[in-house]
Structures are given as C-alpha cells and as structure tokens.
Amino acid sequence: MIEDLVIETKGLRKTFISKERGGKKEVEAVKGIDLTVRKGEIYGFLGPNGAGKSTTQKMLSTLLCPTSGEAKVLGYDLAKQQEQIRQNVGCVSQAGGADLSSTGVENLVLQAQLYGLDILTAKKYAAEFAERFQMNSFVDRPAQSYSGGQKRRLDIALGMIHHPQLLLLDEPTSGLDPQSRAYLWGEIKKLKAEGVTIFLTTQYMDEADKLCDTIAIIDNGKIIVTGTPAELKSSVGGDTLIFNFLSEETARKAETLLTEKIQAERIQTTDHSVHLNIKDGERMMPDLLRLLDAKNLETQTVTLSRPSLDDVFLKYTGRSLREDERK
Amino acid sequence: MKMLHDTKLMFIRNMQHTLRSPIFVFVSMFQPLMYLLLFMPLLNGLGGVPGLPSGKTVDVFIPGLLVLQALFGSAFVGFSLIDDIRTGVIERFLVTPVKRPAILLGRVLRDALVLLIQCVLITLVAIPFGLSVNVGGFFLSLLLYALIGITMASISYGFALIYKIEDPLAPTLNTITLPLSLLSGIILPLALAPIWLQDLAKINPFSYAVNAARALFAGNFQNIGIAEGFIVIGVLAIVVFLWGLRSLKKMAS
C-alpha cells in the first residue's frame, strides 16, 4: 500500500437480505467500490438518496461487515483490525448520535472516556471542543434544546473528541439553514488545514464543489466517475462565454474573427451577441478581449458561465440529481 | 480490565438517565403496592388452604410479589433502548472501541439496582402488614431478584434490538411475562392447581425462583429449592444476556 493513502478499498460490496411477500430478496446496496483517499484531503462521496453512500461509510467505520471485497483504513485491515480502526477514526453518522437528554458536556466527556481517556483529559478535551465549536453558550444545556446547527456542532465535536487522523462525515449539513451550513463548511476546512483527512458523503452539489479536493459520484451502488471538481466539470465540456456588442454587424465580424483565430467547440451568434463554448474560459477571456480590441470590435459586456456538478451528474447518469430528490 | 472500565462508564451513563427522573423508580412500584393493599387481604381469608399456612399468608405472598416486580418492572426497559437506537446513540457507541458486552451490561446492572431499591422499599412497606422475614435470607433473595431482573431486561433489550421500533415490543413482552407470572404460583399457590397445571409450572424457570425466594424469606436454608432457584435463574440470565448481546452485534453486521 502506498504510504499516503488513508482509505483504500477494492471491490467493496454489501448486500442485504430483505424480506418481502413471496420470500427473501437480496438487495445489493453497494456493488463493488474501489476507493483511494489520500492523506489530508477532503474526499466527497456525492450521490442521491439510496445510492449507497451511508452503507459505504458504515462499512468503513466497522459498523457494517462488507459482503465481499477488501479495504484498508489508515493502513489497518478492515476485516481483521477493527479495534485499531475504531480507536483512530472519528465518525459522525447522519443521525448524529448525541444523547439528547444529556448536556453537551456530558456527551463529550463520556465519548472521550469511551476512547480510553481518563476523566481529567476527557473534561479538558470537552472544554476545548466547546470553545472551538463556539458551544459555550449552550453546552451545559440538555442537547434536546439545541437548534439543528447547534446539535450538528455537538455531533461533529463528538466525532473529533479523540483527535482522529480520519473523520467520516455522513451528510453533515443536511437539513441545516444556510448560516449553519456555511459555519460547518468553515470548520471542516479548518480540520483539513490541521491535517485531518475527511471522507464526506453529501447529496449537495454546492457542498461537494466548495469543500472537496476529490469527488466520487456514486449512483445505484456504483462509483460512476472520480476526479477533482475542476476535472469533473471540464469533462462535461468547456465554459460558456457570451460577448455582447453594440450592433449585430460588429457581432458578425467578431464571430468571423474568433472562428479564424481560436479552437472553440461551438461559436454561435444571436442578435448582438456571440456565444462561445470553450475550454478554460476564464484564462481565455483576456486574450480574446485583446484580440477583439485590436480589430476595433468594441465589446460591451462579457459573461462567463462554468459547468456545474449538476451538469456532471447529468452527463454520467442521464438524470439530474435534483430530479431524484423530488421523487 | 477494559470490560470493567467500559461497563462502569455505561452503568454511570444509564444511572444518570434514571436519576434525571427518579420519580419513575417509584411509579413502577405502584403495581406491587396495589397488590399489597388491595389483593393481599383476600388471601388472608384463604389461610389454611394448601400452600398458604393460616396466619402467615403475608410471609408467602411478599417474596412472590417481589418476583412479580422483578418480572414486570424489568420487562419494559427495552423502550429506552429503542430511543437510543433511533437517535443514533447506539451506533455512536458501536463505532468507538467500547466493549460490546459493556453496552448491555451497563444497562442491565442499572436495571438490577433500580429493582433492588424497589424490592427493599416494598419489603419495608410490608412489615406493618405483619411480614416476618429472615434477614440473611432476605439479603440472599435480593441476589435472586437481581438475576430475574437481568433476565427480563436482557429479553426486553434483545427484542428491542431486533424490532428497533416500539409497536411490536409491548405485545411481545406481555405475551412472555403473563404466562410466566401465572405459572409461577405468585398470586395463588400452585398447590391449588390441577396436576396438569402443576406439571406445566415445572418447566417455568420462575416457579423455581418463587420457591427459592419463599424459602429464603422463611430462613429455611436447608431447602433444596434455594439452590435449584439460583441455578435455574442464573443459567437463564446468562443465556438470555448472551442472546441479547448477539442481537446487539447483529445490528452491526
């Protein structure tokens, strides 16, 4: 195994037996997944509900036994060294798992003790995390009184209390208001800056795009494509540049010029504007403006729009992620 | 060592939950107190029938009543576990290095302690009603009640872990506890029963517990029933605890 791989899986599979009318049926939730998560990165596992994200995360945290396949987590064998994995990985499930009738502090102290820390260290860590996640104003209240964002902070603090090198986060911001999401994104980035590797499942495109270094898109129990957000987006095709001119005549001239000078996937003129599909549009834009200026073709406005991960999902699955949510 | 440490942590955690609303420790004593106040007087009139020596009905009834409390008082603890499953608390525990048996042990030991407090209180209440009890026998009987409590709590947790929802839990537990209590000679002595019913009671582990508890209260330490009661309930407690543990481990498989 390569030194800096934190998670490495080969053909990880999970089937459940579901009882239905007329007998038992095997349901394949995860259909053979190969993952490589590098040290220090935020790895996003992006897909719709029921794609197999949580099942994969539960296998990696030792909560579920894989039906077949192999995996190494922090260099430990998932099948044989579960104790070591549990001790060194932090895990936050979708439900969170805070004890709602206990206070935040009680939750944190017990969690630290479960990882084998003595009571003094446990209390020290609990105070540190209360400070760090700005929980001091509510941490002594029972968790059932917390807002969604406050509870999520406690959940993540519980997962981090023993300072793990790897944190598994299952849909950390689902159901949160925009401010709470932004706050958590900031905290997740801080964890990465401290050297923690983060494996994050999400069904939000913007979250994967903003946070992740690498994204694997999972659909129907299979990884469809893996890459950096930029790679994935550029795989869909280039950016769209729209130049607006004062007259249709100028626009026509500009189209002719651009067709001669550059390799665009598509150039099209409508009314006063030229639409251009091009790779790396952001870098190309200044050059193109200079080119047009040199021929005295005065540009009024330029718009650049980049492909989104929505387009990526659409390209590889043939469906929009949002459509799935509406079902 | 780690098992002991983890069990202690889990026991304290569950005890904190109980102490947060201690009133329920007393609420669940309501049923046996009702039996004591509203049913035991009926038995006094029956004194002299087989199994109920006249003038001593309270001495026979109370040890059985405590078995009843151990059966019903501990049978419904599974509901608290379902709450912990639903909020993800159990999953959170399972991904820490905590020893699996400690998660259940911490709970059943808490349940046993709560039960013992109830047993002592019920016995104290029964003394003005004329209860005479052998002190050494009483303390030994507490161990027996604790084992019954652990047995019933383990069954309750086992089903809670299998169902994971409340709806089927209560009917299941009622279906188990009712025949067990009827076939143990708690309410009325089995000596009154027809032979087939007495034979049926012989396969009920809790009828051995009732015999043992009555012998202990009376201080009849030579009675072979005491050893029988401890062995039967001790083995049963271990078996059902391991079954409950299996359900817990199955949750993560």
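How many bridges join strand E7 of chain A to strand E8 of chain A, and which way do the two strands run? Five bridges link E7 (residues 166-170) to E8 (residues 197-202), and the two strands run parallel. Within this pair, A:Leu167 stands opposite A:Ile198 in E8(A). The model is a predicted one, in which local features need pLDDT of at least 70 and side-chain atom pairs count only at pLDDT 80 or more, whereas totals for chains, interfaces and linings use all residues. Residues are numbered from 1 along each chain as its sequence is written, while chains are lettered from A and ligands numbered from 1 in the order in which they are written.

E7 and E8 belong to an open sheet of six strands in chain A, with the order E6-E7-E8-E3-E9-E10 and mixed pairing. Its edge strands, E6 (89-92) and E10 (222-227), each pair on one side only. On average, and with direction ignored, neighbouring strands of this sheet are turned by 15° against each other. Strands (E, at least two residues) and helices (H or I, at least four residues) are DSSP runs numbered from the N terminus, and two strands pair if DSSP finds at least two bridges between them.

Helix H5 (residues 148-160) of chain A packs on the sheet and touches E6 and E7, its direction making about 160° with that of E6(A). Helix H11 (residues 309-317) of chain A lies across E9 (214-219) and E10, running at about 45° to E9(A). Such angles run from 0 to 180 degrees between N-to-C directions, with axes fitted to C-alpha atoms, for helices over the stretch in contact. Two residues are in contact if their C-beta atoms, placed from the backbone, lie within 7 Å.

Strand E3 (residues 42-46) of chain A is largely enclosed by the rest of the structure, because five of its five residues are buried. A residue is buried if 20 or more other C-beta atoms, placed from the backbone, lie within 10 Å of its own. A:Ile42, A:Gly44 and A:Leu46 point one way from E3(A), and A:Tyr43 and A:Phe45 the other way. Five bridges join E3(A) to E8(A) in parallel, with A:Phe45 opposite A:Thr201. Four bridges join E3(A) to E9(A), also in parallel, and here A:Tyr43 has A:Thr214 as its bridge partner.

Not counting residues up to four places away in sequence, B:Ala209 touches B:Val67, B:Leu144, B:Ile148, B:Gly229 and B:Ile233.

Chain B has twelve helices and zero strands. Its radius of gyration, taken over C-alpha atoms, is 19 Å, close to the 18 Å that the globule rule gives for 253 residues, so chain B is as compact as a globular protein of that length; the rule is 2.2 Å times the number of residues to the power 0.38. Of these 253 residues, 43% count as buried.

The contact between the chains takes 17 residues from chain B and 22 residues from chain A. On the side of chain B that touches chain A, the largest share, five residues, comes from helix H6(B).

How values were computed
A residue is buried if 20 or more other C-beta atoms lie within 10 Å of its own, exposed if 12 or fewer, and partly exposed in between; C-beta atoms are placed from the backbone.
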